[in-house]
Structures are given as structure tokens and as C-alpha cells.
There are 2 protein chains.
Amino acid sequence: MSTAEETAGGEPQPWGEVNPDAARRLLVAAVEAFAERGYHATTTRDIAGRAGMSPAALYIHYKTKEELLHRISRIGHEKALDVLRTAADSEGSPADRLAEAVRSFVRWHAGQHTVARVVQYELDALSPDARAEIVTLRRQNEAAVRGIIEDGVATGDFDVPDVKGTTIAVLSLCIDVARWFNAGGPRTPDQVGALYADLVLRMVGAKK
Amino acid sequence: MSTAEETAGGEPQPWGEVNPDAARRLLVAAVEAFAERGYHATTTRDIAGRAGMSPAALYIHYKTKEELLHRISRIGHEKALDVLRTAADSEGSPADRLAEAVRSFVRWHAGQHTVARVVQYELDALSPDARAEIVTLRRQNEAAVRGIIEDGVATGDFDVPDVKGTTIAVLSLCIDVARWFNAGGPRTPDQVGALYADLVLRMVGAKK
DNA sequence: GTCGAGGGTGAGCGAGCGCTTAGAGTGCCC
DNA sequence: GGGCACTCTAAGCGCTCGCTCACCCTCGAC
């Protein structure tokens, strides 16, 4: 996601890489609808309606309803992976890097929970080919987290009996934020990120 | 869930409380189908077919497709809650009780991951009334876990700065097992339960 | 002013959906 | 043996779905 994306900083202006304007409006509408009702319960008429267009207009920009989901899934996964990698590749101790990775990954899943919900829970509405592509991106998430944990174990900063299992648990914990997080609730994405970073450091037995 | 349920011990014989036989077969078929494809992508013809019956037979035992989901949801939630409460109300230190609660709750979500998936991810296919009923059961899950953590904090066995947030995280971690657990994978439900019990004790800073 | 290209619409197609209905088979009570 | 309740089926109704098609705007090039 290093491509041009927003003119002025911040997350509230995503999908900048989708052109033309009508295609982006349709995609944003689809994200909302899929997150609210699920892929299968969403109609193409609903998506077009939210974008202020007729049902037929959707098919000028996308071949099928599934192509919309595929596009959302790929872009969403790439963004999440980018967030994770930036933290994983930063300077600092394994504990710093793990805390930052969890903090930013959770912040993304909370702040962009509509996108995240679609990305995480509608995976098997995709065709086998498209799913395979997404699964590859997902494995890179896992590799990034496992890398940090292995580093910490190697330096003696972490105490982790089961690296693979703990990696799965950490990622699972972060991802599930998208399911329960409520934008109107008492916690901000930042606060959840901070709490989770602390919890994960405990999970890996990080030395103070 | 203290009603008669299995004649000989064990989990592989659930749904014993559903009668008559044809109604149970339909319900089991619905669980499989919903878990595989999701509620909205499952057709009543598919459910009836899996149960070896004609499409119309479904409507002799259930008023609507949604009633099937509602029944599955309620029974599933009640079972999970039962599992959790048994551990929460047992004898022993807060650490013992928390470990046992997580172990058995995770074991259930892994072993019964088809049911758990339906129960956890198809909630908002239900009508508002039915959803409200299920949400009540869910809050009792949270209360049970929070109770143990509060006990541990009170006795000084746990070190938890944010009890409510940590409760959410622990439950979220356990529930998400249903999403990623794969029966053909390398880990058994017991092994995942043991790993997660250890991780959760670390999260609450349990004294050794 | 004409024209072509591309973004848009209204109407509607074939298909599959949830669900209903009329009626057939089966077992039980008297 | 007749009547009844229960279970199940074949056929199909009405509807909405994803998607298509014939046509219409708008706008820049010349």
C-alpha cells in the first residue's frame, strides 16, 4: 500500500487507489453492505442503491458481485499486512517490535472494522482461485508475527514454549477484534491497541 | 443442559434433546450446511437433502429456516455456557478455575467447531427478538469469566490492570478458535485447550 | 455541428429461492 | 375394519436474485 492513497494524512480517506470515482463509490458501498449483512445477504441492488446508482451501473465497473468482494479482500489484506510489516521491520527490541505490531494491527482492525469484518469473515464466499490468493497473503501475516516471536526467543527476551501455537493465538486475538469492536462503544481503537499490546507481551513472557 | 442427552458418555452424540428423530436429523444437517456455507448461502433444499428428505418435510418440524438457526443457536450457547459455568463454579484457586474454564471452553469450541461457527458467526441472521435472547446468554459467558478474574484480583493471585478489557480479550481468544480450528490439522482440541489455558494465565499475570 | 466513446438507465430475462398445498402412506385406538 | 393423527412427498406459487440488453445522455476532438 505504498501507492498514492490520500492527499492529506489519515485513514478516513482509504480506497484512493480505486478509480474511477464511480467504481470507488460502489466499492465503499459494497464494504458497508457486506459488513452489515454479509456477502450472501447483500443484493447488487442494495450496493448500487447505496452508491446512488441504478442496479445495472455496477456491471459497468465490475464483472460480477464476487469481483467486488475479491477486490475488497485483496486491498484489505494488503493494507493489514503493510501495517504489520512496518512494525515488524522497525528498529528496537523484539518486545518493542511485537508491541508495536500488535498495537497497529489491532488499531487497524478496530478502526477499519467494517473492512476487516468483510476481509476476515467472507473469505469462503470467494472462488477457489481467489481464495488461494488471499490465503497466501494471510500466511505472510503469520510469518511476520512468528518472525518477531522467534527473534525474542533467540535473544532470550521471550519465554515461549510453543512458538507456532502462540503465533496463531496472537493473530487470532487481534483479528477477532473486528468481530466485537463497536465504534460507539466505550473504547477507542488506540485504547484497545494499547491493552492488547500489553496482553500479548504477557503471553510471550516478555522480560520487563 | 442437564436434560437427558446421551445414553453413553461423550460429546459425539449431541442434540439428544431434539425430538423426534427426523427433526434431529434436519437440525444436524442444518448445522453442517450453515457451518460450511453460511446461513444465507444454505438452501432449505440442501438441508432437507442432507437429511435424506424432501424439501417440504422441513416445514413439518420447523416453521421457517430461521427457526432452525434459532434452535441451533440457543442449544449451542446453552451448552457452551454450561461448560464454562461448571468450571467457574468448581473448587480451587482462581488460577485453577480460570485454567479449567479456558481449557474446557476452548475444547468445546475446537471439538464442536461446526456448531460453534454457526453459533458465533450467524448471530445477526436472527430476528431482533431471537438475537436479544442469544445476546443475554452471551452476557452470562462474560459474567462467568469476569467473576473468576475478579476473584483472582481480590485474592492477589492475579495482576490485571483492566478487568473488563481482559475479560473481553480472553473470551474473544477462546471464541475465535472456532474460526481457525481445523479438525484435520496438527492439534487436537485438548492440546489447544492446554496451550490456551497457559496463555490466559500469563495474560492475567497469575502467580506461579 | 457532427460524431464516437464511455458512463449511465429502465425494463426485464431465466433461475433459484422460501414456503404452501393437496394428497398418499402408515400405524394406533376403538 | 373404520377413523384419525401424524409424517412425508410431488408439484408448484410468488418473489427476488444476479445479470443483460437496448437505448440515452454528456462531452471532447475535429
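Before going on, a word on the model. It is predicted, with local features needing pLDDT of at least 70 and side-chain atom pairs counting only at pLDDT 80 or more, while totals for chains, interfaces and linings use all residues. Residues are numbered from 1 along each chain as its sequence is written, chains are lettered from A and ligands numbered from 1 in the order in which they are written, and side-chain values use heavy atoms, leaving out hydrogens and water.

**Around the DNA**

Helix H2 (44–50) of chain A and helix H3 (58–61) of chain B each supply at least two residues of the surface near DNA strand D. Helices here are DSSP runs (H or I) of at least four residues, numbered from the N terminus.

| Residue | Its N or O atom | Distance to phosphate oxygen |
|---|---|---|
| A:Thr42 | backbone | 3.0 Å |
| A:Tyr59 | side chain | 2.9 Å |
| B:His61 | side chain | 2.8 Å |

**A histidine in chain B**

B:His77 sits in helix H4 (residues 65–88) of chain B. B:His77 counts as buried because its relative accessibility is 2%, and buried means under 20% relative accessible area (1.4 Å probe, protein chains only).

Key
Polar contact = N/O pair within 3.5 Å; in protein donor to acceptor, adjacent residues only side chain to side chain. Buried < 20%, exposed > 50% of the residue type's maximum accessible area, 1.4 Å probe, protein only.
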